[in-house]
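Please consider the sequence and the model shown below. The briefing that follows describes selected features by topic.

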Amino acid sequence: AMSSQSTWKTVKYGIHEGETVTIATEELVQCDYSAYSWEAATVLIAWLCSQKDTLAIQSGNILELGCGTASVSLMAAKLKLLHPDHCGTILATDASFASNIAERLANTIARNNVSSVMFYSHLDWGTPPSLKLLQTGWSLVLASDCLYESDKFSLFFATLSHLLKASQASGVKTPQTMMAHRRRSESRLFEPYCQRFGLVSTLLELSAHVAEDIAQVYQDRIELWMIQLQQ
């Protein structure tokens, strides 16, 4: 049985010339992998900070797949709230079997004071997303280290493709996905799955998209990918 002991972890992120954002996440002490933060999340958070003044952050709807502790969604929510005239919502999603995640994230959202813009919903990859999810129109889909079990690759990209196509149909011109990925083995290429589901993946140069200190620490192990629909 899994221990339900948890601990709150607070991290302060520098986002811009002395401006900081503090994020508190609840991590289970002994747990499945949905309940602690992974390195890839740090890279995706750093990318979000570089985007803080973009329309996607200010007024777009943003969805996170496989959110775990939801640190990435929390950063998106905090950055959105920095804009007085913000609109749109952040939706963190994860598998329904992740240990009492709905309850944990309700506490997390409240503790970070982002409940006006951030919500949680179960989303199991490969099962059709709810109509509400499909009709929302997501400007940005975020995924951090979601691809560690190769038997899930096809479910992940099927879901991603479904969400991006529905978003385009809802009027989002170029919905995009940003994915921070840790390649664990050369044999586990995900690119063929992208092609199968009508997606194009582009590897981004880390140093051009995140703060220099983050790029230096992570460039050897974390990749930043942009994934879009084939035109």
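**Backbone and burial in a predicted model**

At 3% relative accessibility, D145 counts as buried (buried means under 20% relative accessible area, exposed over 50%, and partly exposed in between, with a 1.4 Å probe and protein chains only). This is a predicted model, in which local features need pLDDT of at least 70 and side-chain atom pairs count only at pLDDT 80 or more, while totals for chains, interfaces and linings use all residues. Residues are numbered from 1 along each chain as its sequence is written, and side-chain values use heavy atoms, with hydrogens and water left out.

**Confidence**

- The average pLDDT of the chain is 90, and 94% of the residues score at least 70; pLDDT is the predictor's confidence in each residue, from 0 to 100.
- Among the elements of the chain, strand β3 (residues 62-65) has the highest mean pLDDT (98) and strand β1 (residues 6-16) the lowest (87); helices (H or I, at least four residues) and strands (E, at least two) are DSSP runs, numbered from the N terminus.
- Where pLDDT is low, the predicted coordinates should not be read in detail.

**Positive phi angles**

- Most residues other than glycine have a negative phi.
- D145, in the loop between β6 (140-144) and α6, has a positive phi near 50 degrees.
- N113 also has a positive phi, near 55 degrees; N113 lies in the loop between α4 (101-111) and β5 (118-122) and is exposed, with a relative accessible area of 63%.
- G171, which follows α6, has a positive phi near 110 degrees.

- Helix α3 (residues 71-81) is largely enclosed by the rest of the structure, because 10 of its 11 residues are buried.
- The buried residues of α3 include S71, V72, L74, K78 and K80.
- Helix α6 (residues 153-169) has 17 residues and should span 24 Å at 1.5 Å a residue, which agrees with the 24 Å between its end C-alpha atoms; the expected span is 1.5 Å times one less than the number of residues.
- Among the buried residues of α6 are F153, F156, F157, L160, L163 and L164.
- An α-helix has 3.6 residues a turn, so residues three or four places apart point the same way.

**Cysteines**

- The structure holds zero disulfides, a disulfide being a pair of cysteine sulfur atoms within 2.5 Å.
- C194 is in no disulfide, and the nearest cysteine sulfur, that of C146, is 13 Å away.
- C194 counts as buried at 1% relative accessibility, whereas C87 is partly exposed at 40%.

- Q195 belongs to helix α7 (residues 191-196) and counts as exposed at 55% relative accessibility.
- The C-alpha atoms of Q195 and Q230 are separated by 8.5 Å, although the two residues are 35 apart along the chain.
- E27, in strand β2 (residues 19-28), is buried, with a relative accessible area of 12%.
- E27 and L134 are 107 residues apart in sequence and 30 Å apart in space, C-alpha to C-alpha.

**Cavity**

- A search of the whole structure finds one cavity of 30 Å³ or more; on a 1 Å grid over the protein atoms alone, a cavity is a set of points where a 1.4 Å probe fits but cannot get out, and its lining residues have an atom within 4 Å of a point.
- The largest cavity has a volume of about 30 Å³, a volume being the space filled by probe spheres set on the grid points, which are joined across faces, edges and corners.
- L147, F153, H181, R182, R183, R184, S185 and R188 line the largest cavity.

Methods:
1 Å grid on protein atoms, 1.4 Å probe; cavity = no way out; pocket = protein on both sides within 12 Å on 5 of 7 lines; lining within 4 Å.
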